[in-house]
Amino acid sequence: MPIAEFVHLRAHSAYSLSEGAIKLKELVKLAAKHSMPAVAVTDTGNLFGALEFAGAAAEVGVQPIIGCQLGLSRRSARPGMTADPDQILLYAQSAEGYANLLKLVSKSFLESDAAQAPQVDIDAFEGCSDGLIALTGGPKGLVGRLLGEGQRPLAEAALDRLQALFPDRLYIELMRHTLPAEAKIEPELIELAYDRSLPLVATNEVFFSDEGMFEAHDVLLGIAEGTTVSNQNRRRLTREHRFKSAAEMAALFADLPEAIANTLVIAQRCAYMPENRKPILPAFTSDSGADEVTELARLAGLGLTKRLTVAKFAEEQVYIDRLAFELDVISKMGFAGYFLIVADFIQWAKNNGIPVGPGRGSGAGSVVAWALTITDLDPIRFGLLFERFLNPERVSMPDFDIDFCQERRDEVIRYVQQRYGNDRVAQIITFGKLQARAVLRDVGRVLEMPYGQVDKISKLVPNNPANPVTLQQAIDGESQLRDMRRDDETVARLLSIGLKLEGLYRHASTHAAGVVISDRPLDQLVPLYRDPRSDMPVTQFNMKYVENAGLVKFDFLGLKTLTVLAQAIEILKRRGIELDLERLPLDDAATFEMLMRGDVTGVFQLESSGMRDVLRRLKPDRFEDIIAVVALYRPGPMDNIPSFIARKHGQEKPDYLHPMLEGILKETYGVMIYQEQVMQIAQVLSGYSLGSADLLRRAMGKKIQ
C-alpha cells in the first residue's frame, strides 16, 4: 500500500482526560492501518502520554510527533471574568524544542490560578520558542477568535507577534468539521496567509476512532460535565471529529492541496523522538567532602561496628565479609549516592522523632542498609539475600519501600525539598480509569436511566479491587447481564457504550508514596503538573515513564500502624513505662500465648478473621512462624497452610523433595515459602549464581514460562 499523503496533526488521546476516547496504542495502529508515515498527539494542555506515545509509535513503525494543544491566556478578558484560554498547537522539532515544550507545559500548570484551565501568556514564548513549530489553532486560536469577533486589525497584530516568535515555523491552521465558526473565518485566514507568505495546513481534530464511537464519545463528554444527553446546552462535537483517512482529507481540501501536503512537511520537520535516559541521581554532599563511594564505605563501616557492639554477634567476620561484598557491588553499579540519600532522610526522620518502619521488601536483604539504619532487620540472621535487592546481572535501580508515621510523613518530604531544592523534588502522577462498575453508573446517569435499575446492573459486576473484573468478563460470567441485554434495548445500549468507554482515563491524582529527586530543575527532564490538593509539583509522567526519563523514584509510604505504635509508647511513657521498640525480645512467651488464642485485633497484618483462625490452628511459638504465616496468607500460597500446620505439629512428615534441599527448607518444614528459598534451590540444585537465580525468581513471579 503506498504511503498516505496526509498525516493527522491534531489527535487527542485518552490522556485528554474525559475528552479523548482513543488509547495511544489504538491511535498508532490506526495511523499504520491508513499507511500514514507519522501521527501527532496534541492532548489538551498536557504531555501526560508523550513518552508512552513515542514508544508505542516506534513499535508499529510510525513516526511520533510530540505535540501539545497549549492554552494561551486571553488578555482581553475583563478582570474577574474567567474566559477559556485560546489554543495554540506546538510540536517539538528537536531536542531543544522538546525541552522548551516541557518548560512551557510545566509553566502552564504551575503558574496558572487554580480556578483556571492551565495556560501561559504569549510573552512566555520569548526565549522559549526555538525548535518548536506552531499552528495558529483554528477558530479557537488567538487569530481565529479575533477574526470571528470581527477584530481584523487585532488578528493581524496577533499574527505578526506569532510570526516574530516562530520565524519560518508558523502555519495557519484550517479546519473543516462542518462548524459555522470554521467557515466564517476561513476566507480571511487564507487571505492573511497569502499576504504574509505563511503556509496553510489542514487538520482534523481527532477525538475518537470512527463513526461507531460517536455516541460513546458524546456520553463521555456528558460524564465529564456531569450532565445528561438531553441537555441541549452541553458541549457537543460532530461525527467529523473522527480519525479520517488520507483520501477523505484530500477530498475535503481538494481546493487547497497545499494544506494537505504541508502535513507531510511538518512531519518531516519534526523527526525528533525523546530517548530513554539512564538514572540521574542528585549528588550527595557530605560534611567531610569525601566522594560518595568513600563516604558510603565510612558510614557503613561505622554503622556495622555499632550494630555488632550492641548485639554482640559471634560470627562477626560473616557480617564484615558481606558488608565488603555489598559495598563493592553498590560502588561498581554506581548506586552509592542512592544509599546515602535514603540513609540521610531516614536518619533525619529518626533524629526528629518521626517513627520509621523496620524495613520490608527486598531492601531488607542488605547489610549495608542495616548498617546505615535504613532497615532494622538483621539480614544474616533471617537468611535474606542481597542479590534479590541488587543484582549485578540485572542492572536496575535499587528500590527501598520505606514506611513513615502517617501523620508526619509530609515532614520528611519537606526536609527532602529543602535539602535538594523545591524545583528538584516532585510527587508522581497516577491516572484513574473508568472501571467496569463506575462506567456503568456514569453512563447510566448520562443516559438518564433510573438509578435503581443502574445500581442493580452495576452490582452484577463482581467487585474485586485487587484484580478488577472487566465489563466483558462480567457479561461472559453472569447470565443475568446477558438476559437483560437481550431483553431490554436500554440495557443493551448501556452495556455497549460502557464497553467502549471502559479503561479510558477519567482523572489525574498523585501516587500514594512515589517521590522523585533530581540533580537539576525537574522541568528539564519531565513536564510538571499541579494537583489542586497538593502544594508540591507533580510529574506529568507516571511511575514507569518518570524512570524512562531518567528520574529515580523514592517511596515515602504513610503507615497508620506506626502512628498507633508511637501513640501507644507515649501513653505508656505517661504511666512511667519506658519502651524501646528496637530492643523488644522476639521470644516473649506471653506474646505467643496471645497469638495462639487469636487475640490479634489491631496487630498489623494478623487481624483479619481468616488470619485469626490460622493462628489458633498453627499455635506459633517462635518469630519465624509469624514470618511464614504472613508470607503464606495470600492467594495461591494459602493452599499450603494446612500442610504447614500439620508438619509443624508432627502430624505430617516434611517432604524436602531432594536431600540437598533439607538445609534450605528445614525451617519451613519442607514447604517452599520464600523467594530466597527459590534462589537458593536454583543455586544448590542447578549451579546458578545468586544473580542468575534472581532472574529465575523474577520470571517465576511474572509467570514467564
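Visitor: Is Asp 531 buried or exposed, and what decides the word?

Guide: A residue counts as buried under 20% relative accessible area, as exposed over 50%, and as partly exposed in between, with a 1.4 Å probe and protein chains only. Asp 531 has 2% relative accessibility and therefore counts as buried. This is a predicted model, in which local features need pLDDT of at least 70 and side-chain atom pairs count only at pLDDT 80 or more, while totals for chains, interfaces and linings use all residues. Residues are numbered from 1 along each chain as its sequence is written, and side-chain values use heavy atoms, with hydrogens and water left out.

Visitor: Where does Asp 531 lie, and which residues does Asp 531 touch, not counting residues up to four places away in sequence?

Guide: Helices (H or I, at least four residues) and strands (E, at least two) are DSSP runs, numbered from the N terminus. Asp 531 sits in the loop that runs between strand 10 (528-530) and strand 11 (537-539). Contact means heavy atoms within 4.5 Å, and once residues up to four places away in sequence are set aside, Asp 531 touches Ser 509, Thr 510 and Val 538.

Visitor: How many helices and strands does the protein have, and what share of its residues count as buried?

Guide: There are 28 helices and 12 strands in the protein, and 50% of its 705 residues count as buried. The C-alpha trace spans about 90 × 70 × 60 Å along its principal axes. Of the contacts with a separation of 6 or more, 75% are between residues 24 or more positions apart.

Visitor: How should I read a salt bridge, and how many does the structure hold?

Guide: Side chains of opposite charge can pair when their charged atoms come close. A salt bridge is a side-chain nitrogen of Lys or Arg within 4 Å of a carboxyl oxygen of Asp or Glu, and the structure holds 53 of them. One of these joins the side chains of Arg 10 and Glu 173, at 2.5 Å from N to O. This pair links distant parts of the chain, 163 residues apart, since Arg 10 is in the segment before helix 1 (24-33) and Glu 173 is in strand 5 (residues 170-175). Arg 10 is buried, with a relative accessible area of 0%, and Glu 173 also counts as buried, at 1% relative accessibility.

Visitor: Which side chain meets Arg 196 in a salt bridge?

Guide: The partner of Arg 196 is Asp 160, at 2.9 Å from N to O. Arg 196 lies in the loop between helix 6 (180-195) and strand 6 (200-203), whereas Asp 160 lies in helix 5 (residues 152-165), so the pair ties together parts that are 36 residues apart in sequence. Asp 160 counts as partly exposed, at 38% relative accessibility.

A further salt bridge, of 2.9 Å from N to O, is formed by the side chains of Asp 403 and Arg 360. Asp 403 is in strand 7 (residues 401-405) and Arg 360 is in the loop between helix 12 (336-351) and helix 13 (367-371), so that distant parts of the chain, 43 residues apart, are linked. Asp 403 counts as buried at 9% relative accessibility, whereas Arg 360, at 37%, counts as partly exposed. Salt bridges that share partners also join Arg 152, Glu 156, Asp 160, Glu 188, Glu 191 and Arg 196 into one network.

Visitor: At what angle do helix 7 and helix 15 pack?

Guide: Axes are lines fitted to C-alpha atoms, for helices over the stretch in contact, and angles run from 0 to 180 degrees between N-to-C directions. Angles under 35 degrees count as roughly parallel, over 145 as roughly antiparallel, 65 to 115 as roughly perpendicular and the rest as oblique. Helix 7 (residues 214-225) and helix 15 (residues 436-446) pack at about 95 degrees, with their axes 9 Å apart, and they are therefore roughly perpendicular to each other. Val 219, Gly 222 and Ile 223 of helix 7 make the contact with Asp 442, Val 443, Arg 445 and Val 446 of helix 15.

Visitor: How do the axes of helix 27 and helix 28 cross?

Guide: The axes of helix 27 (residues 675-686) and helix 28 (residues 690-701) come within 8 Å and cross at roughly 125 degrees, which makes helix 27 oblique to helix 28.
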